[in-house]
Amino acid sequence: MKTIIYTCPYVPAEWIAAHGLRASRLLLDHVDSASMFIRTEGVCPFVRSFISEVMKNKGAGGVVATTVCDQMRRAFDVLVRKSNLPAFLMNVPNTWQSLAAQKLYIDELKRLSRFLSRLGGKSPSNNTLAKIMLEYDAARGSILTAREYLSARQYAEAIAAFGRNGPDQTINRITGTEPQTDGVRLAMIGGPLMKQDFDLFDLIEQSGGRIVLDATETGERGLCVPFDHRRLRDEPLMELADAYFGGIRDASRRPNSELYKWLQRELASRDVQGIIFRRYLWCDIWHAELRRLKDFSNLPVLDIDTAGDNDIEQQRTVNRIRAFLEMLQ
Amino acid sequence: MICAGIDAGSRAIKTILIDTENMQVIAKGLADQGVEQDRLASELFKRVLKKNGINKKDVAAIVATGYGRSAVSIADTTITEITCHAVGVHHLVPEAMTVIDIGGQDSKLLRLDTAGRVRDFAMNDRCAAGTGRFLEVVAERLGVELESLGRMAANSQDPAAISSMCVVFAETEITGLLVSGTASEDIVAGVQASIAARIISMAGRNAETPIIFTGGVAMVSGMADAMQTALGQTVSICPDPQMTGALGAAILASKQLKKAST
Amino acid sequence: MSDIPKRITLQEWDLRYEQLEKAGTYEPDYGGPLSRHVEDGDQRLLKLRYDNSAAALRLWNFLLTEEDRLHQARAAGRKIVGTMKDLGTVPVMAYCFENIVAFYPDGAWWIPCVMELGAGLLEIADSLGIDESFCPVRAMLGAFVTGAHFPIPDMLVCSVGATCDDFSAIAQRLNGLGHPIFWWEIPHRRRPEPDETAVNLPGGFSAPKCQVEFVKSQLERIKTTLEGLAGEKLDERKLSAGIKKANQVRRYLTELRHLAFTAERCPLPALEMLIAEMLAIHFCSDRQETINVLKELLDEVTSRVRAGKGILDADAARIFWVNPVADLQVMNLLEDCGGRICGTEYLFTHALDIIPEDLPPLEALAQMALADPMAGSSIDRAERICGDIRLFGAEAVLISRIPGASHCALEGLVISEIVRDKFDIPVLEIEVPPVTDSMRPTVHTRLEALVETVKARRQK
């Protein structure tokens, strides 16, 4: 079975899986220092890492990128020229309120279907799609339910494993039993994390904090909303589109007011006392939200920017987190 | 009872001892930082004790802070410099609401509450262009003493625009300006403005007053004025600005001791 | 035609102005000596060099009095629409309304250069969390906060989607400050798939029909909103008339560019050519006057070319310039180093191409919007650049990176590879911040080296 790799949460794994292909959401690592892009000024470290990963990936049958950010759009241009891996650029609209934008998203899913079919996938029937969606929904639900019993790292890893491997093994992997209660209640907000960033969760816990809201793209925020099961059976593709395009809030949306509404609700309901804002150097989309988030939330916000190499940045990151927790404690 | 704070910064080690009865400073010292951070910190501490006739046994608690705090083996605990600077400044200027700390290799902005606790902070420790290093670079390039920069900037008619985000490239810019005949005074004023601009990014639109300036760079004349111009608000230099981290550490050592005994 | 075409300083322009005045040269009501703008704080003008023709004087005065026109429009009760990012589409529609004036607040990106950072706009952007890691268009935020550079528009229209991250983020920040924005989506233009109906767009790109339809639907929304603002309906007849007028501007510019880039001796400096091209995107807030200004410029250039006269040596290195510069002085610098502009791609070639007049007008406008070089891949953009290199006979390409602009990080790589593969000509990337004074030796060295390389290759 061919594996289709991607990173963007707006790419529905169910859609790929329903075509009989394996959907695998990449958990990127820091970029190889030998990469030609390591020295290119202005390139977002996540995008650098994505290009690097795709170029060296031997196992995938195809890659899907999206237009959510301009840097990723340009990365696609590089991949088209440098990589032999079949690649698809999915146009995910930044506007969201209009029917035209919603229709564009659905049309792009259909176009993605044609791409997947060219790679050996099969356009699914409604029943097939609905069945797969139910499986994914159940797995997602079990992860969300388990949140209180998992450490922040375990939770992030569970979400990552779900994205990487699909729903089959997910429920079995969740092993926490005791509700997590200690530590200053924090939210982590930002774009996607890389594998090395999961160490941050441990660091935060060691310093006396606890991430109760993982509002990064690779965390809870990047999961689609639960499906409406009745609608799922009648119009699975529409429901899929609504749950993903309508349900995932992001800083790239225009306007991105829904993200702030969601944050307001989640920050309050989880009694968050401080925010850790994780962003990449050269990621304009998230960088621009830092000050707005500070003004909006009235909570202390710790900015941790990264050039993508946690080893080099460790000292400064540790220092900031410790200072932040000292302040909150 | 005596408590001590050691601020093991990236460029200098500072130490302060306080009498916990009246929270007065009874001894202090400063030394250059180096590779053997632990040894240098210990030697400085011993020197200060000896100079002031204090026995090490009389020092009840030592807190280390700063970039190299983990390396200070004689410390009982470590606390970050963010917390320590806030405490130190609050002790000296109780009404302070915003603290700007610019050291040799980083800069920070702290927002305090009325009790002197840190409400929020922001840091620039990625790029030397917003730090004291930049001033050192321009002083070296112009062949002047650091202390004279303030006087030079005060005589500037038209501060130069420095565009690089990186102090290495900014050094090239300074050379370019000199070659093109830009007055040294204008270059210095431009560098100071550039450092101040980075503080604005951290401060936002309206930093709460009083705004207190601390750290080694606060001692460079003209920098407070540059900060004031950039922020459009009054900026006051903290008394003994280089020592606020160590002072805060000593005060926190005292607090920890009191807490432990109750 | 001016007697001897050349580039002169602002001080020399004062003398020249007296001569033109004595000779009774026609001046519009916004005319006058260039140096008067320095009193408004436009310090950069003291360091630039200008073409010495009456046509160039008119061009500069037209540009530097735009704020006055906007304020006059506000005072006269006309509605002001701030169009953002699309660079050439919405104003074509907006100017069809009697009661609307449209302009690009994006243009504030030049204020830090022109005022040599004196306006404090970048500091305001800093304080809003939009620091120097963003594109200089962040100055726009400062302009909205101070209100000192243009009247706050009655309506803001901004394209998103296939646009750069930094502008999108800056616009969202503006929105977050309390300025409502009408957002519209420009999809990422792609090549049609085998089972899709293809549409050939102006300028040479192609796109699937469904994308054209989508953009059309977006323009319908904008049209409806503008109608509401203006209190006036915009029918096909009016829109067609507006497109014809816009095409007049584009035709003059096409001719001007062709003459300027292909003439044996460069007839007009790079700086004036840059300003002239910029008029296409929103007509500098006066569509008819744009036509008049360009006509005069074109007449001047035409007669220079016929007379074989130019402002530079005949052996100037022919450089194709990609991306606009944040510091206008760099255009002078190229010529000081022995180069001349032979082709440009300033991010808005779609605002220079002729809008089809044989199609329903909204369809035509949609096609034109989708032809935006920035809405598609860097590969497409590079192909178009290659076409123009061939057309204008450029000997080298200069890619001017805009500091902080998200598209510049990777597209330069793609463009330079494609150009080198096709033509084997030198490609140089430089970064140009809003004020390059301190970097002048560095930039100068690079431009000079590029010119030397071009001239050395001629000898092989």
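I began with B:Arg133 and B:Glu140, whose side chains meet in a salt bridge at 3.7 Å, N to O; the term stands for a side-chain nitrogen of Lys or Arg within 4 Å of a carboxyl oxygen of Asp or Glu. I noted that this is a predicted model, in which local features need pLDDT of at least 70 and side-chain atom pairs count only at pLDDT 80 or more, while totals for chains, interfaces and linings use all residues. Residues are numbered from 1 along each chain as its sequence is written, chains are lettered from A and ligands numbered from 1 in the order in which they are written, and side-chain values use heavy atoms, with hydrogens and water left out.

I then looked up accessibility, where buried means under 20% relative accessible area, exposed over 50%, and partly exposed in between (1.4 Å probe, protein chains only). B:Arg133 is partly exposed at 27%, whereas B:Glu140 is exposed at 55%.

Next I turned to helix H3 of chain B, residues 132–142; helices (H or I, at least four residues) and strands (E, at least two) are DSSP runs, numbered from the N terminus. Its buried residues include B:Phe134, B:Leu135 and B:Val138, and the buried residues of this helix pack against strand E6 (98–102) and helices H4 (149–154), H5, H6 and H7 (223–231) of chain B. B:Gly143, which follows H3(B), has a positive phi, near 70°.

Which residues form the salt bridge between chain B and chain C? I found B:Arg198 and C:Glu132, at 2.9 Å from N to O, and the rule finds one salt bridge across this interface. On the side of chain B that touches chain C, the elements giving two or more residues are helix H5 (167–179) and helix H6 (184–203) of chain B. The contact (heavy atoms within 4.5 Å) takes 14 residues from chain B and 16 residues from chain C.

I also followed a pair in chain C, where the side chains of C:Asp437 and C:Lys47 meet in a salt bridge of 2.9 Å, N to O. This pair links distant parts of the chain, 390 residues apart, with C:Asp437 in the loop between strand E12 (427–431) and helix H17 (440–459), and C:Lys47 in the loop between helix H1 (10–22) and strand E2 (50–51). C:Asp437 is partly exposed at 21%, and C:Lys47 is partly exposed at 37%.

Finally I searched the whole structure and noted 81 salt bridges over all chains.
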